[in-house]
Amino acid sequence: PTKLIMEPVRKVLIFISLFVLLRVDAVDQRQPLYLLNLIPFRDDRPDAGWDEGLELIPAANLAIQHINRSEILKGYELNVINTNSEACQLNNGNDGIVNFVRYSIHSDKNIVGVVGLFCSTSAEKLSPVAGRDGVDLIQIASSNSPEFVLSLEIDPPKYPHLYRTISSTLALSEVVVEMMKSFNWERISVIGEDFSGIPFSSTARAFEMAVNAANDSMELEILLHREISQSYVSPVLIELQKSGGKLVVVSATLETVKRILCDNEVSSTGSGLVYVVLLYSLEEVANACGSKSLEVLESTFFVYFQLFREDNVEIISGENASQFNSSYFKELQRAHKEDQNVNLNGSIYAAHMYDQIWAFALALNRSSSYLNLTDYRYGDANATRIIENELKTLSFEGASGLIQFGPTKEAQTNVYVTLINSDVESQTALYSPITKQFSSSFNKSDIPLDSFQEFHQPLWLVVASYFVATFCFVLVTAVLILHVYFRDSKEIKATSLFLCNLIFLGCYFLCFGLVITITQEGFVLPPLVVTILCNLELWFNFLGIDVIFTTLFVRLLRIYYIFSKFKKLGRLWDDKSLSLIVILVCVGHSVLLIAWTAADTFRYQEEHFITSAGFLSSKQVCHSEFLLLWTILLYVYVSILFVLVIFLAVKTRRIKRQEFKDTKKINAFVFFFFIVLIPSLALWQIFLAQKMYVLAYIFYVIGYASIILLCEFCLFIPKLVPLFIHKKKYRIHRGSIGEVLVKTISSITEKYSTENTEN
């Protein structure tokens with residue numbers, strides 16, 4: 001029985017052993033391909049710069065693992081050889097060239113390309129060697145010197161087979177020039193270190209091209225120096241202050257940035273200079289400055305590349321950014337156990353290291369249908385051309401962002417602009433070089449800058465608004481004249497000439513308020529003038545609406561009283577008494593409004609907001625402490641009047657006497673008021689809250705102009721049109737318009753003088 005039981009077990013074990021052996025044999029049959037990874041190892045020389053390449057090796061290993069487990073490069077196994085390229089800022093690049101020749105030329109390893117090259121100093125030295133005729137190896141780097149882009153115009157190109165997963169610092173120049181235009185800066189000074197072969201001096205010179213392309217009126221001053229010492233910095237900054245300079249762009253090493261911002265008295269808060277630091281984030285500079293950072297970095301901009309993505313987009317390996325970071329740090333811990341020199345904080349360039357290798361793997365995979373990659377090595381120009389053509393058409397979501405090599409052979413990298421405001425808080429805007437816009441913006445209004453682009457409404461919109469206001473004024477005047485001209489007709493008499501004239505007065509108030517609004521929105525005015533206009537605008541608009549709706553209410557109340565009581569009106573209900581009541585009510589409201597504004601005056605204030613380009617602009621506005629409460633009270637009061645008018649219009653809708661039948665006209669006024677004015681004012685408030693001032697202004701003009709037009713077209717013109725067409729049918733006052741006005745004023749004066757004599 002034991003033998004019977006063990007026999008199947010023995011067969012299963014034999015089967016598993018054969019399967020494992022065959023599987024190992026299949027893996028062993030995969031042909032090895034090698035990428036040479038040139039990264040800066042630790043360097044203790046005094047001039048050595050960034051040398052954190054050891055933290056990039058775990059990212060490279062992670063990419064190799066993911067690629068070899070994927071469905072690409074069937075029959076091949078991708079490997080990476082990590083070696084030293086020399087620390088950044090070292091001009092000779094000897095170690096990088098020596099190691100390149102050792103592993104790519106004098107080696108039996110099948111090197112199919114070069115990755116790494118995070119230092120522009122190394123890339124500028126090595127790339128011409130790796131790309132020259134007879135070598136023809138492709139390099140994918142993450143260095144950002146503008147020289148790589150500018151050299152494309154040279155024939156033959158200096159870096160023929162160099163591709164980069166990061167934009168050159170020309171992109172930073174574009175962002176700063178956009179800032180200059182948005183903040184209305186006309187002068188820019190660039191302080192750069194003039195080291196041959198490193199990107200700081202070439203970045204400084206790139207500003208000259210960007211400024212010239214943007215605006216000839218901008219002044220540019222480039223200050224390049226071999227060694228920016230403390231004795232050099234202070235006199236230069238003092239001279240900039242005296243000459244009225246505002247914007248100082250710093251393109252230098254981190255140590256020099258610290259020397260300019262943190263170790264210099266001229267750079268302290270209140271100097272009037274605004275610093276723009278290139279390439280380094282706020283955290284990097286703050287760490288370098290130490291305890292001084294909070295006070296000396298205020299009102300400083302940091303313009304730097306987005307080196308890793310922060311969204312949840314699935315990258316090429318199937319992970320998202322969070323999962324990639326987790327995998328990277330696990331690999332980093334393994335590397336730290338083997339080599340204590342590996343820093344557990346990792347590298348901010350890890351995502352670019354990962355994407356470099358994936359880009360090469362994808363290009364090789366596409367080329368494998370045309371080439372036998374096992375035979376590919378340096379000097380094969382035809383195979384290099386095929387792989388390069390595939391590389392140019394790549395587009396994939398990498399750990400650092402979208403990897404797609406454009407005409408300049410570089411991926412378009414997003415740019416961060418971080419600002420320290422007066423509260424010592426960081427605010428960050430993300431600029432896309434593809435859309436040329438910011439996807440987010442600064443959200444504080446107290447940014448310590450004194451040269452904003454003043455906002456006012458477009459000229460064409462201001463002219464159109466003045467035309468609307470003029471049309472409203474002319475229409476009200478014309479209708480008033482006709483109303484006086486036909487004052488003896490029973491239709492006009494029935495609706496009370498005095499009360500109707502009060503409605504005309506309310507329309508004039510709204511016309512004046514509209515003109516004040518257009519003037520304030522269309523021009524940049526002195527603060528005192530803006531404060532006066534704001535309070536006048538408030539008074540005219542409120543009084544106009546108050547007079548119109550109060551008069552409508554009293555007018556309908558008079559008609560309702562006549563036909564509900566069916567008796568002769570007392571003295572209280574005649575035209576003059578009711579008009580006096582309306583005037584007293586509105587004057588009382590005006591006194592309350594004056595008292596309110598005296599206690600809570602609308603004062604001038606600058607509203608800072610973000611333009612469509614993503615930068616701050618300044619708009620003149622008026623604000624009061626209890627503005628929200630005032631707005632609520634105004635809307636509640638108008639709503640109550642609105643409801644009362646509707647109520648009386650419904651109550652008087654069955655009146656048969658045509659000359660007294662105002663219900664249809666007032667109902668039409670209320671209906672159009674509701675469907676036109678209410679949505680317009682609601683949209684005005686919505687767009688105002690979103691700081692979309694042009695749209696808010698348009699709906700404001702539409703709303704208040706509609707009140708004026710509705711008054712004329714719904715309340716008066718329907719009665720005047722038949723009188724004007726059939727003048728002979730009605731008993732009307734004859735004479736010219738001028739005579740009518742003179743006689744009207746004379747008769748009113750005579751009537752009042754007679755009554756006073758009798759009294």
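Buried means under 20% relative accessible area, exposed over 50%, and partly exposed in between, with a 1.4 Å probe and protein chains only. The model is predicted, with local features needing pLDDT of at least 70, side-chain atom pairs counting only at pLDDT 80 or more, and totals for chains, interfaces and linings using all residues. Residues are numbered from 1 along each chain as its sequence is written, and side-chain values use heavy atoms, with hydrogens and water left out.

**Cores.** I looked up the largest nonpolar core, which has 71 residues; L73, L78, F100, M353, I357 and L391 touch the most other members. Helix α13 (residues 350-367) gives the most to this core, with 12 residues. Helices (H or I, at least four residues) and strands (E, at least two) are DSSP runs, numbered from the N terminus. Another core lies apart from this one and has 54 residues, L461, L497, F687 and I717 among them.

**L73 and H352.** For contacts I took heavy atoms within 4.5 Å. Leaving aside neighbours within four places in sequence, I found L73 in contact with R30, I67, L78, A361, L364, N365 and L373. H352 is in helix α13, and counts as buried because its relative accessibility is 1%. Not counting residues up to four places away in sequence, H352 touches F118, S142, T165, I166, Q306, L307 and S400.

**Helix α4.** How far apart are the end C-alpha atoms of α4? They are 16 Å apart, which agrees with the 16 Å that its 12 residues (120-131) should span at 1.5 Å a residue. The expected span is 1.5 Å times one less than the number of residues. Nine of the 12 residues are buried, so α4 is largely enclosed by the rest of the structure. The buried residues include E124, L126 and S127.

**Surface patch.** I noted that F671, F672, F674, I675 and I678 make a nonpolar surface patch of about 480 Å². I675 lies in helix α21 (residues 663-689), and counts as partly exposed because its relative accessibility is 42%.

**Totals.** I counted 23 helices and 18 strands. Of the 759 residues of the protein, 51% count as buried. Residues 24 or more positions apart account for 74% of the contacts with a separation of 6 or more.

Terms used:
Core = buried A, V, L, I, M, F, W, Y, C linked by side-chain atoms within 4.5 Å. Patch = residues over 30% accessible without salt bridge, like charges linked within 9 Å, V, L, I, M, F, W, Y side chains within 5 Å. Areas by Shrake-Rupley, 256 points an atom, 1.4 Å probe, with all protein chains shown as cover. Salt bridge = Lys/Arg side-chain N within 4 Å of Asp/Glu carboxyl O.
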